[in-house]
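Subject: Structure handover

Hello,

Here is the structure for your files. My notes follow below it.

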Amino acid sequence: MNLFLEAFQWIFTPVWTIVTTERTNDILLRLGEHLGYTFASLIAATIIAVPIGYAIGHTGKGREIAVALSGAARALPSLGLLTILALTFGIARAPIAAVVVFLVLGVPSILAGAYAGLEAIDRRTIDAARAVGMTEWQILTRVEIPLGLPLLLGGVRNAALQIVATTTLAAYIGLGGLGVYIFEGLPIRNFTEMLGGAILIALLAVALDGVFALLQSFAVPRGVTAGRVKIVRTSSSRTRAVAGTSAVPGRG
Amino acid sequence: MNWLLNNLPLVGTLSWEHIVLSVPPVIIGFVVAIPLGWLAHRFRLTRGILLTIVGLLYTIPSLALLVILPPIIGVSVLSATNVIIALSIYAVALMVRSTTDALDSVDADIIQSATAVGYSPWRRFWLVEFPIAGPVLLAGLRVVAVSTVSLVTIGAFVGVRSLGYLFINGLQRSIPLEIVSGIVMTVVIALVFDRLLVLLGRVLMPWTRTVKVTKRQQRAVFTAEATA
């Protein structure tokens, strides 16, 4: 446990005591890099996955392909993908390689969130929308997308978590991020630094997850929460019909 | 192709070491998740607590967990035990969720019928609820197996040998083929695990081939496969 104390001491020294730092690997800088890669890949993955997911969810076609693809993507080791792309893209374009790897990682979750969100909607709701004369586009934008938003955000949340975790590996191909501390500490067995870095990464992941959890709870359309009927279980005020007595009270 | 031909034995042993590291977490995940999943399924209080804890555990990045874990449990960072325990934590975290969903997917009428014909809660769980939850459990376990196989590669950073070694070595020596061999073998092992689990499911749950699974369960299987 002493090691944890040292790790926290390590975390809290550089940020506030060294103001004009000759050490460029300031935690805030690394945090910025880490978040930069995370959000760049997350946004790219969202732009790719959401339209495809909505197309699958709205038409109900291509689901099997999407499931198979996300299964295959889960089997792909991101470390392997990162190293091969870093090698083929070269050092100069390594950041692009990293974003591509993290994007590939995020796409399946967002895709699943998008189509699962549309599929979870009660068919009768969509039939009703069609019956009152909405066009397919209106059904998609006014009914399916708002109702599917919480599940979509769930998918984005999963993707964000996986990406923020894997961005740790960016440091391995020299791209910075909070993983720097782990990779710096590894060869020289500096456990304080490694543990400090690991704690920072874990805290960042938990914080990001919390932000998305909050977003998710706000994403439920107001009409849905307002329309929720509270089921209050009370005993019936009417006396039950018992065999032998009349079911209708008041008459003999 | 030269590199691969010259290093076939290396790829072989690394694949074997990879498999040896992948199996325990999957089994531990499944066994530990059954009682925890039941607790989360059965009581509202434990559901909230357990699902929050496993959710938090799952958010910890793998490389960070490999570093944080040793000082807590007192093993060496460089040991295979460290990797197995870290991966077991993820397996449990994923599997508790799936087990809860699986038990939730069992129709209440079925449980009532079982109770009505005189099953004790213990027997009812093992003879009725557990088998009926089977397809959803299997879907969860497949996700666990595949992601465990791919996560094992991270252990290479702390010096635990697996196919991940090929990635690190391949990058250092600029041999793309070495990295590609590692990726291909990892995916192959993951797919073999997945197929084996499907086969095992067919053998252990013969009714899924003939009886149509309920809509609700189908949806649960599907979400288990899609999410996580």
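The notes cover salt bridges, a surface patch and cavities.

This is a predicted model, in which local features need pLDDT of at least 70 and side-chain atom pairs count only at pLDDT 80 or more, while totals for chains, interfaces and linings use all residues. Residues are numbered from 1 along each chain as its sequence is written, chains are lettered from A and ligands numbered from 1 in the order in which they are written, and side-chain values use heavy atoms, with hydrogens and water left out.

Salt bridges

Over all chains, the structure holds ten salt bridges (a side-chain nitrogen of Lys or Arg within 4 Å of a carboxyl oxygen of Asp or Glu). One of them joins the side chains of Arg161(B) and Glu17(B), at 3.5 Å from N to O. Arg161(B) is in the loop between α7 (121-151) and α8 (164-172) of chain B and Glu17(B) is in helix α2 (residues 8-42) of chain B, so this pair ties together parts that are 144 residues apart in sequence. Helices here are DSSP runs (H or I, at least four residues), numbered from the N terminus. Arg161(B) is partly exposed at 38% relative accessibility, and Glu17(B) is partly exposed at 27% (buried is under 20% relative accessible area, exposed is over 50%, and partly exposed is in between, with a 1.4 Å probe and protein chains only).

Another salt bridge pairs the side chains of Arg142(B) and Asp194(B), at 2.8 Å from N to O. Since Arg142(B) belongs to helix α7 of chain B and Asp194(B) to helix α9 (residues 176-204) of chain B, the pair ties together parts that are 52 residues apart in sequence. Asp194(B) is buried, with a relative accessible area of 10%. The side chain of Asp194(B) also meets that of Arg195(B) in a salt bridge of 3.9 Å, N to O.

Surface patch

Val180(B), Val184(B), Val188(B), Val192(B), Leu196(B) and Leu199(B) make a nonpolar surface patch of about 470 Å². Patch members have over 30% relative accessible area and no salt bridge; like charges are joined within 9 Å, and nonpolar side chains (Val, Leu, Ile, Met, Phe, Trp, Tyr) within 5 Å. Accessible areas come from the Shrake-Rupley method with a 1.4 Å probe, and for residues only the protein chains shown count as cover. Val180(B) is in helix α9 of chain B and is partly exposed, with a relative accessible area of 34%.

Cavities

A cavity is a set of points, on a 1 Å grid over the protein atoms alone, where a 1.4 Å probe fits but cannot get out; lining residues have an atom within 4 Å of a point. Grid points are joined across faces, edges and corners, and a volume is the space filled by probe spheres set on the points. There are four cavities of 30 Å³ or more.

The largest cavity has a volume of about 580 Å³. Of its 32 lining residues, Leu105(A), Gln162(A), Thr166(A), Tyr58(B) and Leu151(B) are the closest to the centre. α7(A) gives the most to this lining, with five residues. By class, the lining of the largest cavity has 20 nonpolar, eleven polar and one charged residues (Ala, Val, Leu, Ile, Met, Phe, Trp, Tyr, Cys and Pro count as nonpolar, Asp, Glu, Lys and Arg as charged, and the others, Gly among them, as polar).

The second largest cavity has a volume of about 50 Å³. α5(B) supplies the largest share of its lining, four residues.

Regards

Key. Helices (H or I, at least four residues) and strands (E, at least two) are DSSP runs, numbered from the N terminus. On a 1 Å grid over the protein atoms alone, a cavity is a set of points where a 1.4 Å probe fits but cannot get out, and a pocket is an open set with protein on both sides within 12 Å along at least five of seven lines; lining residues have an atom within 4 Å of a point.
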